[in-house]
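I opened the model to look up two things.

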Amino acid sequence: MLLHQYLSDIIINYITAQSSEYMSAKSAKKNSFVSNRSCDQIRQDFFDFFREKEHLIVESVPVIPPDDPTLLFINAGMNPFKPIFLDEQKGFERAGKVWKRVANTQKCIRVSGKHNDLEEVGHDTYHHTLFEMLGNWSFGEYFKKEAIAWAWELLVERWGLDPDRLYATVFGSDEEDGLPADEEAAALWASETGIRPAHILRFGKKDNFWEMGETGPCGPCSEVHIDLRSDEERAKVNGATLVNRDDPRVMEIWNLVFIQFNRLSDGSLDPLPARHVDTGMGFERVVAVLQGKSSNYDTDVFAPVLKAVGERAGIAYGEAEETDIAMRVVADHIRAVSFAVADGVMPSNEDRGYVIRRILRRASRYAWDRLQIREAFMSGLVDVLAHQFRQIFPELQEKREHVKKMVTAEETSFLRTLEHGISYFNRMVETLLDGNGTSGKKHPVLPGEDVFLLHDTYGFPVDLTRLMAHERGVEVDMEGFHILMQEQKDRARKAGRFKTGDDSGAGNGPVFHITAGKGTRFTGYDELETTCRVMDTGHLGGKPVLLLDKSPFYAESGGQISDTGLLSLREGDETLRIIDVQHIGGERIHFVDKEPSKKQGKWTAQVDSGRRLEIERHHTATHLLHAALREVLGDHVAQRGSLVAPDRLRFDFSHYEPVKAAEMEAIESRINEKIRENIVLTDEREVPIEEAKKRGAMMLFGEKYGDKVRVVTFDPDYSVELCGGTHVDATGKIGCLQMLSESSVAAGIRRVEAIGGAVAERYIRHEKQILETIRGQLGQGTRPEKELKRLLEEKKRLEKELEKFSRQRAAGRLDELIAKAQKTPAGTQIVSGEIENADMSQLKQMGYDALVKTGANTVIVLGSVDKASEKVYLMAAVTDDLISSGIKAGDLVGALARTVGGGGGGQPNLATAGGRKPEKLPEVFRLVGSLVS
């Protein structure tokens, strides 16, 4: 292992050392300001410059937003500093000091929402899924003057960019917001820098007013653009006319944002008490500028990984545009996937995991289709990236093995479906298009039925279908696809049990007459029995339902199924059974076995306490299981679904490979250790969400949490989760936990099932009884595992002997049939007959043996009857000399099979068939002669 790692590092060092010389044949002619500094040196230049300006250099945060479960990825350098801009913090805290100036490089991923450039990545040379954003920040301290002056100083005086090629844009004005032009910024560009006055340009809100979102901090911005065209081109066309016109040769390199307003919910702007500076410079883009490259991919940022891809594919980057695109896709995408996984994302079918799965699958498809790499290979690229970024982003080096395993598992899984999916897609499109790649229509459309078939039958991602169709100039009928998907969901819902009001027409109107918000108050955390009133009655899905003013019955949610129990009229003899409780239309709906005779009076609501206890045992065990999984398998494990019932628990989680037996044992052992510790429950309600986050409470991505949450803790150092379910008051009440199974739910999602409490006790007793029965049958003095092993080995030996005897008997029967062969008038030899107890594979083998033994001018037809299934098997074989005369085994066996009520076929020399009329087998042998004569 150490030798392997040593050799791996030598190879990676060699690739990195050679990468500065590895560039595209299409690199542009170097400009006079081109630097020979490496990308690492350029990044360090930025840090050193702002360190001199009294900035604290801070590390990049993970691409998963640390305190925002509703944001997919960090997509801008300012994301980690949002609390400061929102005045929730006064600055950046580090080692007891509050800093007002910081600088950093931040890993960003932009593949969703308005920043979704995935289809362009690889096809152009400047879009990326993951990129670094260099930024400097002032939190209520310096403002426009310093930001502008320092930007010019770094770009021109330190890095030597040609001032004549630089343009500065400033905010022009906006009548809707009543904002005047940012003349202050324009004046500062003129007074604090050496820029030409004609290069100070004004643009509207679209280009030069930055906003965090529909509400929140915002302000005018000033962008620096550079003109990279040749002197001849610049002389012909004024660069000012190309700024903000999507010309890749005249592009933005730095954005200086002056945050001075707060956008309110009514759309108005309110001046902030403090004004901030937020700048962002695309690292890959500025490296290309400084190294004189026309493409970001020609820089040493991408050279090591591109070189590794090229060596694996046997293709040099720059040889052909088609393979260049594929190599750029792979190089870009493996960066995004590697850093995202290292930061805790797991590929899945939802949320962040879906985005990463989509990126990896796109890279895999390009490698398959255009680079002809037909096996999982991208884990090797992780090594290259980990080594390249070991200083600035050490987390990838630290988690390299985990990332490699995940990439390999995900890539391998996708490759299994890719070949069939691509083949079927190509057939669909070829049918749609003519030979020239067009269908005669301006915009050929792939029908929604075809898209649905690819998705539903082949597991082919819809986004990948759209990308591939886009490349072929074909549109996709997404509306038709969504209609079919909804129909499928409706069928699945109808096939399942009633769960929501939508299933039974509840959406047609309110279930109850009272207004929402006056419904049930849940008391089940603290009591299992309460006195209540029936507020209203109704029907849902043909079942009687009640609304109570308060209830101890838990309504199904968060994986925990509902309570059941009794509802009794205190002054009378009427008792109803509560059979289910659901959250529907904002109310806690109680399903009962019958309608009450009256609503008036006081009722006693009583939960089935024994059933509730078993549910609570399994729910608490689920929390312990979640913590143990993360402890044993890694912190990439995240909950993806659960079921908590009285008889079992089921837990789905993100993980890239089957959980090994030793790992399952370790997980079970750890949970039972925590059960024996009898950890007391800490149940905190109405905890401020920010406090819960600081305490590291587990949160589910995509869940909408309020300002106050419930925190369930079993040891602050072990299990802290946001949870609305019910639990035992100490882990000892679980008794023990028994793991039952581990399986796959979907690619990257595993499932474990387990039992605890009384259910586990019954299970263990039952298993013990089985073991004692086996001991009794094997003999009390024996060790069952050894005796069973001996018996299984004896069974295998006897089966081999039986198989050998069967082959000998079959060979003897074949020789007998050959000896009794009949001849047609034309002299063709016919070997036919029944082989008793032979299956299809035996018949085929006997057919091949007969071809060898007879040599020429022979037709062989053998049959066998499977009495248990009442089936008949047929095999026909024809020697090569007869095939040329028109006698083919496939045709022959197909004709014979009709006699036995079946069909079949195969190759000209040997074919098989089956049927369901065993009694017709003798007739088959009589027909052979007439069919071959």
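I call a residue buried under 20% relative accessible area, exposed over 50% and partly exposed in between, with a 1.4 Å probe and protein chains only. Cys 532 is buried at 2%. Cys 221 is buried too, at 3% relative accessibility.

This is a predicted model, where local features need pLDDT of at least 70, side-chain atom pairs count only at pLDDT 80 or more, and totals for chains, interfaces and linings use all residues. Residues are numbered from 1 along each chain as its sequence is written, and side-chain values use heavy atoms, without hydrogens and water.

I searched the whole structure for disulfides (cysteine sulfur pairs within 2.5 Å) and found zero.

Next, cavities. I took a cavity as a set of points on a 1 Å grid over the protein atoms alone where a 1.4 Å probe fits but cannot get out; lining residues have an atom within 4 Å of a point. Points join across faces, edges and corners, and the volume is the space filled by probe spheres set on them. I found two cavities of 30 Å³ or more.

The largest cavity holds about 40 Å³. Its lining is Arg 358, Arg 361, Arg 362, Pro 461, Leu 464 and Leu 467. Which helix gives the most to this lining? H11 does, with three residues. H11 spans 351-370, and H16 (462-471) also supplies at least two. Helices here are DSSP runs of H or I, at least four residues, numbered from the N terminus.

The second largest cavity holds about 30 Å³. I list Tyr 354, Arg 357, Arg 358, Arg 361 and Pro 461 as its lining.

Notes: 1 Å grid on protein atoms, 1.4 Å probe; cavity = no way out; pocket = protein on both sides within 12 Å on 5 of 7 lines; lining within 4 Å.
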